[in-house]
Amino acid sequence: MLSVENLHIRFRTGDGMVHAVNDVSFSVDTSSRMAVVGESGSGKSQIALAVMGLLAKNAEVDGRILWNGQDLLAASPREMNRIRAQEIGIIFQDPMSSLNPYMTIERQLTEIVEHHEGMSRRDARARALEVMDAVRIPDAKTRLRAYPHEFSGGMRQRIVIAMALMCRPSLILADEPTTALDVTVQAQIMQLLQDVQSDLGTSVVLITHDLGVVAGFCEDVLVLYGGRIMETARTDTLFDRPSHPYTRGLLRAVPNIEDPSDTLIAIPGSPPNQHRFPQACPFAPRCTDAVDTCRETLPQLRDGRACLRPIEELT
Amino acid sequence: MLNYTLRRLLMVIPTLLILVIFAFYLMRLAPGGPFTSERPLPPAVMANVLERYGMDEPLYVQLWTYIKNIICCFDFGPSFAQKDRTVNDVIAQGFPVTLTYGFWSAVFVLMLGVPLGIIAALRHNGFWDYTMTGLAIFSQIFPNFVLAPLLVLLFTLSWGLLPGGGWNGGQWQYIVMPAIALGTSYMASVARLTRGSMLEVLGSPYIRTARAKGLPERTIILRHALKPALLPTLTYMGPVFVYMITGSVFVDVFFSTGGIGQDFIDGAYSRDYSILLGLAILYAVLTFALTLAVDLLYAWIDPKVRAGLS
């Protein structure tokens, strides 16, 4: 359905090029749940924005993003507008700022179907009510007339999800949908996404830095570091037997609820400088298993990992 | 909302009272008076004149009479310097003039400034943006006492299109140049203000959300961005509008329009206490009205402000 091929995203900035995403390829099947995991600056959000055609003006993009065979990077603004919301929906990170504070919830929901499906105001309102029920906003009928500031953070994120669902798109990109929310609300929102996904058969690409969220929700995981794919695997496999040292580092940094005495091990060092296109493994400077070749050659993605010294070959 | 409006209107009364008392005493602190001249009047004549205008009484009695007359009969007293004219006459004659050209000047400011600012924001860092910003800065620093003669030079002397001054009952030909001369630098400020706030709004997350909905650019600008982008301009225009409809001394003098800007200056020169007080009250009332109007407009645009008011 969605196939990203050799995607490169660079930004022209005041102090030179920043290589945000380098040679990333992956595909998303119908009715699937995939996670893109990485720390801040790993380029994960930029991939979602590239798919929506919403990258900042100073971005340069290479590669192909095929949506049902059509290259979105070559699509006209008109075609792109047709695909947005109607075929691909997006949920942004911060529900506090991603809703228009000057418009009622109703208008922000109805305008989507009025525009894309030519619905009358009445039909659009009926659809909005339906979707508000689906995302479990109580008392939807009266709440439709409210403004964003009258809702709590969790409720606002439900409204953002409702927005993404208005046209029943076949793919939803969820860009850190729970990062800005309380832990208890996080669980509710993830449950909601899961229900919506299975009820509607929508595919979801979940972009997150939270491995706990991934474990409960996604079938496949893609681990990004420095704008490159480090490892991609089924979720179970990745959690049981991580193959890339970076993935192992990430997992070790997550607290274990069954064994609280377990010490957390942080990955030493800091994220890479992305002003130059990587010539060697971007993780090598922080990797405990790195040898000289790691610092000289750029490992290609093979068997789901981009590593010259995968863990299973060391042991 | 109604409650709020009423409360605000009630606040006008004590504030005006304080203003009148202060202005009344302050003016009299200044040396001289309406009847001092190079050749002093004979004491007997002076006493007569003072008695006629009630100025022989103690100050607090004069103040009390002044306030009483306003409250009971809406009478702002006689002019001290212009014989046989009351303050009411002077304002009734001059205010419609400044109100007219000031209003059209404000229309000119908004109708030109806002679209220019929006276009510049939409063409950010493009040719039109630079042209617009350059022109705006130029007209902002271009003083109206240079602009007005230039307008007269072109439109009156060279092309003979518009009369170079006068009012003639407020026919449109007589309004054009005063309105432009008064408004140009404000128009430039409004354009720059609108450009800046529009750019800020266009970069906000909720506009990104609107784009993600696949809405056409037109809808995004008009439905999602315009209202919030106009808020700073609205705040700015409140006091500026008061300034405009009460006229500018320069415009009244240069174009001989006969508005209250002229009266204010004449009043100040001749120590015409009643005219000055009357005009000060007029300015105060207008300022109140306009700030209230701006606040209500704000509430209309911003639901958060609206919620705070009720």
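Visitor: At what angle do helix α6 (residues 144-158) of chain B and helix α7 (residues 172-202) of chain B pack, and how far apart are their axes?

Guide: Two packed helices are described by the angle between their axes and the distance between the axes. In this predicted model, α6 and α7 of chain B pack at about 145°, and their axes are 9 Å apart. The crossing in which α6(B) passes α7(B) is right-handed.

Visitor: Which residues of α6(B) and α7(B) meet?

Guide: α6(B) brings B:N144, B:L147, B:A148, B:L151, B:V152 and B:F155. From α7(B) come B:M177, B:I180, B:A181, B:L182, B:T184 and B:S185. Sorted by class, this contact has nine nonpolar residues, three polar ones and no charged ones.

Visitor: Which domains does the assignment give for chain B?

Guide: The domain assignment gives domain 1 (2-73) and domain 2 (90-309) of chain B. The C-alpha centres of these two domains lie 33 Å apart. To the contact between them, domain 1 of chain B gives 13 residues and domain 2 of chain B gives 13 residues. The side of domain 1 of chain B that touches domain 2 of chain B has nine nonpolar, three polar and one charged residues.

Visitor: How should I read the interface between the chains?

Guide: The size of an interface is often given as the accessible area lost when the parts come together. Here the description is by residues: 22 residues of chain A are in contact with 19 residues of chain B.

Visitor: Which elements give two or more residues to the side of chain A that touches chain B?

Guide: They are α2 (77-83) and α3 (105-117) of chain A. The largest share of that side, four residues, comes from α3(A). By class, the side of chain A that touches chain B divides into 10 nonpolar, eight polar and four charged residues.

Visitor: Now a single residue. Where is A:S32 found?

Guide: A:S32 is in the loop that runs between β2 (16-28) and β3 (33-37) of chain A.

Visitor: Why does A:S32 count as partly exposed?

Guide: A residue is buried with 20 or more other C-beta atoms within 10 Å of its own, exposed with 12 or fewer, and partly exposed in between. A:S32 counts as partly exposed because it has 19 C-beta neighbours inside 10 Å.

Visitor: Which residues is A:S32 in contact with, leaving aside its neighbours within four places in sequence?

Guide: A:S32 is in contact with A:S203 and A:E219. As for A:I112, it is 80 residues from A:S32 in sequence, and the C-alpha to C-alpha distance is 25 Å.

Conventions:
Residues numbered from 1 in each chain as written. Chains lettered and ligands numbered in written order. Predicted model: local features only at pLDDT ≥ 70, side-chain atom pairs only at ≥ 80, totals over all residues. Contact = placed C-beta atoms within 7 Å. Nonpolar A, V, L, I, M, F, W, Y, C, P; charged D, E, K, R; others polar. Domains from an automatic or database assignment. Axes fitted to C-alpha atoms, helices over the stretch in contact; angles between N-to-C directions. Left-handed = near helix turned anticlockwise from the far one by under 90°.
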